[in-house]
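Keep the model open while you read and find each spot as it comes up.

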Amino acid sequence: MALLDSGSRWTEVKGPTHTSSSPDTDNQADGSDRPLNPAKQVPARPGKHRKPMTATKVQTKKSPPNKKNIILTVLAVLVVLGILVTCGYFIKLLIDSKYFYCSRSVKFISLDLACNGKPDCAGGEDELACVTNLTVSTIFPVRLASQSNVLQIYSAGTGWRSVCSEGWTQQHTLKACQNLGYTNKPRSSNTSVASLTPSLKNGPFSTVRGSAGTTPINQTVIDSQACSSGTVISLSCSECGVQGPSDRIVGGVDTTIYGWPWQVSLRSNGQHTCGGTLVSPRWVVTAAHCFSGSKKTLSRWTVLSGNTYLSALGGSSVDMIIVNGQYNAEHNDYDVAMMRLATPVSMAEYRRPVCLPPKDLGLAAGASMTVTGWGYLEEKGQVSNVLQKANIPLIDQAVCAGPTVYADAVTPRMLCAGYLQGKVDACQGDSGGPLVHQSERWMLVGIVSWGIGCARQNLPGVYCNVDQMLNWIYTVMEKKQ
């Protein structure tokens, strides 16, 4: 067998086997077996090694993206967005603290030029959304009186009259509460005339005539010399003045918003400026002096509610601020204002209105009061990030107006609370905040107004007397609802 090298391939060639040599055989071989063109004999040589066969590449599915990488990417995007939003928020606060934007004329003007009585924007835009004043010269015709919350109706001819229970329906209850500005689960009860205070026991009285309908409640009653039923109507218009599950620190002054869910922070350009009190989902009662100077543009104000910590961001926008038209900045008299939120806030355990007090609540000197706020912890100090509370007694009006205290600086629109020795007091940053008293529910008795220093001897805190401001407060809530 011979091996022929034909390129890179190997081929076998078969031939005869010779055992002996003979002429005949040779001749036969020469004549018939020898090729005409015999190939050159090539000695055998080892073949080349074959290259190992490379496996055919199989198309495989791409594995899904790693979940961990997706989460990290999403978190990174969220962090970047959060940083951008935060930066945008503080940039807006910085701009709003210096300028007023005229959207119609597309320009900025100095904030001092806004709400100064002179139009500087096209169409007087800078003079439209401003703090306004309202003087009330009429008597609001519906009120609650004494600790029994007796419903009284006013008429010019006969004055205030307690409403008898005969003929009274749930529709009358709803109508009366609507007149008072805030209705949430209104209810009425019958109170014995014999149990009333002497000033109410002997009348005069009034009774309803027919159904409530759409007529104001004060126009649905007639005068009466006595109540045939022997009872008058006591009214409750809302679930106000109820604390949530408070977890304040024992023996300390730190507290939580759950204990005082009506407390709010008024912010000018995002900075805490005053305290305030929710009296309905849309109305806040505060002090008139909080809006002095250049703080008269509505757009710079927000109201933060439902938070224990002053560092919390956000807040509700405001579409109306009304200052009592009789406010006297020199004498701190009639120091009350109201803010209307652009949209009502949702009620919860940490956000709830306080009750407005009935007329002539009749609290005696020494009655326990509570004042709350984020104000200075000491005179010339700094605000607290955590809501603070202090229990203080009511001071007799004659003592507070005495020559050793504030003398004639105290008017009937004011009351004093605290200690003549000093010890505990409201301070800067607490202005406009609530002074409350608990009867069956918590009621707003005073508004933090003024004082000389903080916790000084014979110089207690002075508060706007809410009892004297009820007529104005109810009128605002009805006219601007």
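1. How many salt bridges does a search of the whole structure find? The search finds seven. Keep in mind that this is a predicted model, and that goes for everything below. If the idea is new to you, side chains of opposite charge can pair when their charged atoms come close.

2. Start with aspartate 319 and arginine 282, whose side chains meet in a salt bridge at 3.0 Å, N to O. Aspartate 319 sits in strand β17 (residues 316–324), while arginine 282 is in the loop between β14 (271–278) and β15 (283–286), so the pair ties together parts that are 37 residues apart in sequence. On the cover side of things, aspartate 319 is partly exposed, with a relative accessible area of 28%. Arginine 282 counts as partly exposed too, at 25% relative accessibility.

3. Now go to lysine 359 and aspartate 467. Their side chains also form a salt bridge, at 3.2 Å from N to O. Lysine 359 belongs to the loop between β18 (337–341) and β19 (368–373) and aspartate 467 to helix α6, so this pair ties together parts 108 residues apart in sequence. Are these two buried or exposed? Lysine 359 has a relative accessible area of 18%, under the 20% cut-off, so it counts as buried. Aspartate 467 is buried as well, with a value of 15%.

4. Next comes the salt bridge between the side chains of arginine 456 and glutamate 379, at 2.5 Å, N to O. This pair links distant parts of the chain: arginine 456 is in the loop between β23 (442–450) and β24 (461–465), and glutamate 379 is in the loop between β19 and β20 (388–395), 77 residues away. Arginine 456 counts as partly exposed at 36% relative accessibility, and glutamate 379 is partly exposed at 28%. While we're on the topic, salt bridges that share partners join Arg282, Asp319 and Arg340 into one network.

5. Time for the largest pocket. Its volume is about 660 Å³. The lining is made of 28 residues, and Leu144, Asn149, Leu235, Ser236 and Cys355 lie nearest the centre. Which elements give two or more residues to the lining of the largest pocket? They are β9 (187–192), β12 (231–236) and α6 (466–479). The largest share, four residues, comes from β9. Sorted by class, the lining has 15 nonpolar, ten polar and three charged residues.

6. Have a look at the surface for a nonpolar patch. It is formed by Ile70, Ile71, Leu72, Val74, Leu75, Val77, Leu78, Val80, Leu81 and Leu84, which together have about 910 Å² of accessible area. Take leucine 81 as one of them: you'll find it in helix α2 (residues 67–96). Leucine 81 is partly exposed, with a relative accessible area of 45%.

7. Two residues show how parts of the chain come together. Aspartate 126 is in the loop between β4 (107–110) and β5 (132–134), and it is buried, with a relative accessible area of 1%. The C-alpha atoms of aspartate 126 and threonine 297 are separated by 8.2 Å, although the two are 171 residues apart along the chain. Then there is tyrosine 154 in strand β7 (residues 150–155), which counts as partly exposed at 23% relative accessibility. Tyrosine 154 and proline 141 are 13 residues apart along the chain, with 4.6 Å between their C-alpha atoms.

8. Last, some backbone details to check. Most residues other than glycine have a negative phi, and most peptide bonds are trans. With that in mind, which peptide bond here is cis, with omega near 5°? The one from glycine 203 to proline 204. Proline 204 is in the loop between α4 (198–201) and β10 (205–208). As for positive phi values, aspartate 360 has one near 55° and lies in the loop between β18 and β19. Lysine 423 has a phi near 70°, also positive, and lies in the loop between β21 (414–417) and β22 (434–438). Lysine 423 is exposed, at 61% relative accessible area.

How values were computed:
Residues numbered from 1 in each chain as written. Predicted model: local features only at pLDDT ≥ 70, side-chain atom pairs only at ≥ 80, totals over all residues. Heavy atoms only, no water. Patch = residues over 30% accessible without salt bridge, like charges linked within 9 Å, V, L, I, M, F, W, Y side chains within 5 Å. Areas by Shrake-Rupley, 256 points an atom, 1.4 Å probe, with all protein chains shown as cover. Salt bridge = Lys/Arg side-chain N within 4 Å of Asp/Glu carboxyl O. Buried < 20%, exposed > 50% of the residue type's maximum accessible area, 1.4 Å probe, protein only. 1 Å grid on protein atoms, 1.4 Å probe; cavity = no way out; pocket = protein on both sides within 12 Å on 5 of 7 lines; lining within 4 Å. Points joined across faces, edges and corners; volume = space filled by probe spheres on them. Nonpolar A, V, L, I, M, F, W, Y, C, P; charged D, E, K, R; others polar.
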